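Colleague: I have a model open and would like to go through it piece by piece. Can we start with the helices and then do the sheets?

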Amino acid sequence: MRQDEIKRAIIAGNTSLGIELGSTKIKAALLTEDFIPAASGSHDWESSYENGVWTYSLEDVWDGLRHCYRNLACDVLDRYGVELTTVGCIGFSGMMHGYLPFDRNGLLLTPFRTWQNTATGPAAKELSELFQFNVPQRWSVAHLYQAVLNEEPHVKNLAFLTTLAGYVHWQMTGRKVLGIGDASGMFPIDSGTCDYDAGMLTKFQEKVSSRYSWKLKDLLPRVLLAGEDAGTLTEEGAKKLDPSGRLRAGIPVCPPEGDAGTGMAATNSVTARTGNVSAGTSIFSMVVLERPLTDHYPEIDLVATPAGVPVAMVHCNNCTGDMNLWAELLGEFAEMMGIPAGLDEIYPAFYRKALEGDPDCGGLLLYNYLAGEPVAGVAEGRPMLIRSPKSRFSLANFCRANIYAALAALKLGMDLLAKENVQIDRLTGHGGLFRHAGAGARFLAAAVNAPVSTMETAAAGGPYGMALLAAYSIRRKKGESLEEFLSTRVYAGIKTVTTWPDPADAKGFEQFLKNFKAGLAAEKAAAECMK
């Protein structure tokens, strides 16, 4: 679309807006009718570790959302010379899982417990055995049941339990609903009914009914599929997001989703035998299943696409977080040497240098675990760089080892899907790991020994995917499925680059992973030694 056409579309509200609250950034993407990003906004934030809990304050949530939206509105004004007052539909997404419990007056009963927390092991284990279904530590029901086991006083006052995206949507619309993808990270979903599994709800209730008067089914948000009615922006919600008063109420708001669901939409990975890898602060793969798995595994979560199709998810808590700290350290060194360099210069150079490293990283072994990593059996993270006297310690090998380490835990889970003979026709990468020099795609292809695709929209990530789900809510044709909408109307002409595994890289990663597995004992010991 030409500049003047985009301007008219913005004035008329023929756009869709996606806002995603990620781990390190809150991002917004405004799309035109042809699904091309017209403007964007962002806000940096980070979790804090308080009293043994990874959390974000609700004040930070709203300060961040307002700042992100203000940046978006300023971008629209700068580019097109018009005030942003309305859009066709808005969608909110956020980090999945976690624990946001409220009482009947809408007051938060505990600080937000994010997906990063790994203190729910006993609850997750007991529920997994009870349901005969893997319940990961970060799922909302695991947090809730751990609070029950801990006899936390707040549990008796529970009236509503939701995720970050569900909370924001509730405040924007007054509706306590959740997209099925995000809901599947709260409690197991029955793919036949596209709702919480009734049998498992009954089993959970039997566990707690003698101690609490509430019913879990009544605490959880109502499950919605992509495209279903999720309410409209209220006057109060509009002012919360845009205190200037320019944003109008009454805008349709689509079902809120988790960052996994938006990643699937952003990579057109919502049909059977397609998958994607989202790599930023955390890393996870989503593979849409064509048949149920034969067993349940602690390393694999069974979740859903925004349309309710079953998905196998391998979620790892750690990806680029430790690498970011190394990049900042290199920046400090450059500045000390009188060669100031910002992160926008350091990261491309870091990734380019990694391509020069030995296929096995010269024997360097790196653990990027700032937090615990359940997939690898690590309860507490202790970042470590290990080498023997014979290791080839070079900058290139160091850079490469950082990227390999970001992929190693994911590979452990993906190997289980291979064991289950899960077929993947297309694996698409998106997120920060895939932005520079093609290194992320090349090394992921080596790790999974399969081709990896990246799209020209890969860097847009979650907010782009959320904006597409918003667009689907208002622009789909009668009877048009989400799969059809994405394949035939959004991605039909999109440019895609496919990276095939290099045999030398694949062999080198295999050796790195062998060392990685052997060294996990040292990583666990480090947690015991360094409290």
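Predicted model: local features only at pLDDT ≥ 70, side-chain atom pairs only at ≥ 80, totals over all residues.

Colleague: How far apart are the axes of α3 and α7?

Modeller: The axes of α3 and α7 are 10 Å apart. The crossing of these two helices is right-handed.

Colleague: Which residues make the contact?

Modeller: On α3 they are Glu 126, Leu 127, Leu 130 and Phe 131. On α7 they are Met 200, Lys 203, Phe 204 and Lys 207. Sorted by class, this contact of α3 with α7 has five nonpolar residues, three charged ones and no polar ones.

Colleague: Sheets next. What is the order of the five strands in the open sheet?

Modeller: The order is β3-β2-β1-β6-β13, and the pairing is mixed. At the edges are β3 (37-44) and β13 (257-258), each pairing on one side only.

Colleague: How many bridges join β1 to β6?

Modeller: Six bridges join strand β1 (residues 16-21) to strand β6 (residues 89-94), and the two run parallel. Ile 19 stands opposite Phe 92 in β6.

Colleague: Which strands does helix α5 lie across?

Modeller: Helix α5 (residues 164-173) lies across β1, β6 and β13. Its direction runs at about 145° to β6.

Colleague: Where does UniProt place the N-terminal domain feature?

Modeller: The UniProt record, an unreviewed entry, places "domain: Carbohydrate kinase FGGY N-terminal" at residues 17-259. That span is 33% helix and 21% strand, and its end C-alpha atoms lie 15 Å apart.

Colleague: And the sheet with seven strands, what is the order there?

Modeller: The order is β16-β17-β15-β14-β20-β21-β22, in an open sheet with mixed pairing. β16 (301-304) and β22 (496-499) each have a single partner strand, so one side of each is left without a neighbour in the sheet. From one strand to the next the twist averages 30°.

Colleague: Do β21 and β22 run parallel or antiparallel?

Modeller: Antiparallel, with four bridges joining β21 (residues 452-455) to β22. Met 455 has Thr 496 of β22 as its bridge partner.

Colleague: Which strands does helix α14 touch?

Modeller: Helix α14 (residues 439-448) packs on the sheet and touches β14 (274-279), β20 (426-430), β21 and β22. The direction of α14 makes about 150° with that of β21.

Definitions and conventions:
Residues numbered from 1 in each chain as written. Heavy atoms only, no water. Axes fitted to C-alpha atoms, helices over the stretch in contact; angles between N-to-C directions. Left-handed = near helix turned anticlockwise from the far one by under 90°. Contact = heavy atoms within 4.5 Å. Nonpolar A, V, L, I, M, F, W, Y, C, P; charged D, E, K, R; others polar. Pairing = 2+ DSSP bridges. UniProt positions renumbered as here; feature names shortened; annotations may be inferred.
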